[in-house]
Amino acid sequence: MDAISVIRTKRDRGELSDAQIDWVIDAYTRGEVADEQMSALAMAILLNGMKPHEISRWTDAMIRSGVRMDFSSLPLPTSDKHSTGGVGDKITLPLAPLVAACGAAVPQLSGRGLGHTGGTLDKLESIPGWRALLSNDEMMDVLRDAGAVICAAGDGLAPADKKLYALRDVTGTVEAIPLIASSIMSKKIAEGTGALVLDVKVGSGAFMKNLDDARELARTMVGLGTTAGVNTVALLTDMSTPLGLTAGNALEVRESVEVLAGGGPADVVELTLALAREMLAAAGVHGKDPADALRDGSAMDHWRRMIAAQGGDVDAPLPVAREQHVIPAPASGVLTGLDAYAVGVCAWRLGAGRARKEDPVQAGAGVEMHAKPGDTVVAGQPLLTLHTDTPERYDYAIEALAGGITVAPEGTAFTPNPIVLDRIA
Ligand code: URA
């Protein structure tokens, strides 16, 4: 077997055999297939696609490149959720302890942000003392104690994906549906969860810009999960505008705690509850309603235990950026557009995100929104507050907002998109 013949097969629109897939994933993980050869193959896959059986074998080969976790010794069924990434998407933070409070265990292996989408671990690291890196034993201890754990995936889990994802990120090959589906599902299947709910984002702030592509990605991932024995469901959810009123690490933790305290923005609460109900149903847990667990403080109790078990000081003040700058509403009328991608890039440039994997993020940086699409605004009223420790970035960050804010004359009829656009099971 050699890399060139595998690349040629896909370049010429052929189907890769099981043996070719097994060999290329294994040889790439071991360093025998070079990065430039894998880049050429990834580009051929992006351009020419893969058949369902090829995607399934590719996913399986990536799972076999590393270890599989096993939660079967836990007394509760396990349920996890994965978002394909968005702006202001802090849902994992209130969701994991909420589902734990309702009777399922949530082993959530999360990632860091890259580009304009935020990462769950970066958000939680703004809590003083909180640790993302846990050994397998520590992870089990947190799960037993708090019912939920959010931590970094160890190096042993789908190492082929770790290498390939970093390569795709710098070769313009992230947006291939077979590669996204196999990347996400190899990690989730290797993680060993019994049930999985996928939050497939659609819109300007997401990888999938339209519903048809999002449906294809969701169907592919649900198929992979189901074949592997994981009870998998996908919700397609709106990412044309940011979720909630904050985009940025500590800002999003603050908003998540508001949701756990029974408040918070309506869209964040709605999506958290919708995903929680799906996660519980997929795990076969039919006890407490998640809305009650937000009201009665039990979700907050699980949050406090989960954060404290990972070294976090739940009562410590969250970091605040050194400088704030207000962007006023450009006109009076109805806010009809607050573009997710524009706000995401603005928050990223303020320091909330990183341009390269090794860059640090600013805990306090980001964008606070004072209105949502559909709200009436008055010219000059504060519309956004930009937070950063590095005010020299303001001009560059504000450039990202160009064309991203639209205000229509007062009285203009406007219906915001529903949060949940479709469900695929
Ligand atoms: N998230 C992943 O883990 N992999 C992808 O390819 C895209 C998003």
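**Stop 1: strand β2**

Select β2 and look at where its side chains go: Val106, Gln108 and Ser110 point one way, Pro107 and Leu109 point the other way, and all are buried. In a regular strand, side chains alternate between the two faces of the sheet. The model you are viewing is predicted.

Now colour residues 106–110. Five of the five residues of β2 are buried, so the strand is largely enclosed by the rest of the structure.

Pick out Val106 and then its bridge partner in β3, Ala148.

**Stop 2: the largest pocket**

Which residues lie nearest the centre of the largest pocket? Select Gly111, Arg112, Gly113, Tyr165 and Lys187. The lining has 49 residues, and the space in the pocket is about 1,600 Å³.

Next, show the elements around the pocket. β1 (79–83), β2, α6, α8 (159–169), α9 (177–191) and α15 each supply at least two lining residues. Highlight α8, which gives the most, with six residues.

**Stop 3: helix α15**

Go to residues 340–352, helix α15. A straight helix of 13 residues would span 18 Å, yet α15 spans only 15 Å between its end C-alpha atoms.

Zoom in on the start of the helix. There, a side-chain oxygen of Asp339 reaches to within 3.2 Å of the backbone nitrogen of Tyr341.

Is α15 mostly covered or mostly open? It is mostly covered, with 10 of its 13 residues buried. To see them, select Ala340, Ala342, Val343, Gly344, Val345, Cys346, Ala347, Leu350, Gly351 and Ala352.

**Stop 4: the cavity**

A search of the whole structure finds one cavity of 30 Å³ or more. About 150 Å³ of space lies in the largest cavity. Of the 22 residues lining this cavity, the closest to its centre are His116, Thr117, Gly118, Ala347 and Ala352.

Which elements give two or more residues to the lining? They are α6 (120–124), β6, α11 and α15. The largest share, four residues, comes from α15.

**Stop 5: Leu198**

Jump to strand β4, residues 195–202, and select Leu198. Leu198 is buried, with a relative accessible area of 0%.

Show its contacts, leaving aside neighbours within four places in sequence. Leu198 touches His82, Ile184, Met185, Met221, Val222, Thr232, Val233, Ala234 and Leu235.

Now draw a distance line from the C-alpha atom of Leu198 to that of Arg423. The two atoms are separated by 9.8 Å, although the residues are 225 places apart along the chain.

**Stop 6: Thr272**

Finish in helix α12, residues 266–282, where Thr272 is found. Is Thr272 buried or exposed? Thr272 is buried, with a relative accessible area of 0%.

Select its contact partners, again leaving aside neighbours within four places in sequence. They are Ile91, Pro94, Leu95 and Leu98.

Technical notes. Residues are numbered from 1 along each chain as its sequence is written. This is a predicted model: local features need pLDDT of at least 70, side-chain atom pairs count only at pLDDT 80 or more; totals for chains, interfaces and linings use all residues. Side-chain values use heavy atoms; hydrogens and water are left out. The expected span of a helix is 1.5 Å times one less than its number of residues. Buried means under 20% relative accessible area, exposed over 50%, partly exposed in between (1.4 Å probe, protein chains only). A polar contact is a pair of N or O atoms within 3.5 Å; within protein, one must be able to donate a hydrogen and the other to accept it, and residues adjacent in sequence count only if both atoms are side-chain atoms. Two strands pair if DSSP finds at least two bridges between them. On a 1 Å grid over the protein atoms alone, a cavity is a set of points where a 1.4 Å probe fits but cannot get out, and a pocket is an open set with protein on both sides within 12 Å along at least five of seven lines; lining residues have an atom within 4 Å of a point. Grid points are joined across faces, edges and corners, and a volume is the space filled by probe spheres set on the points. Contact means heavy atoms within 4.5 Å.
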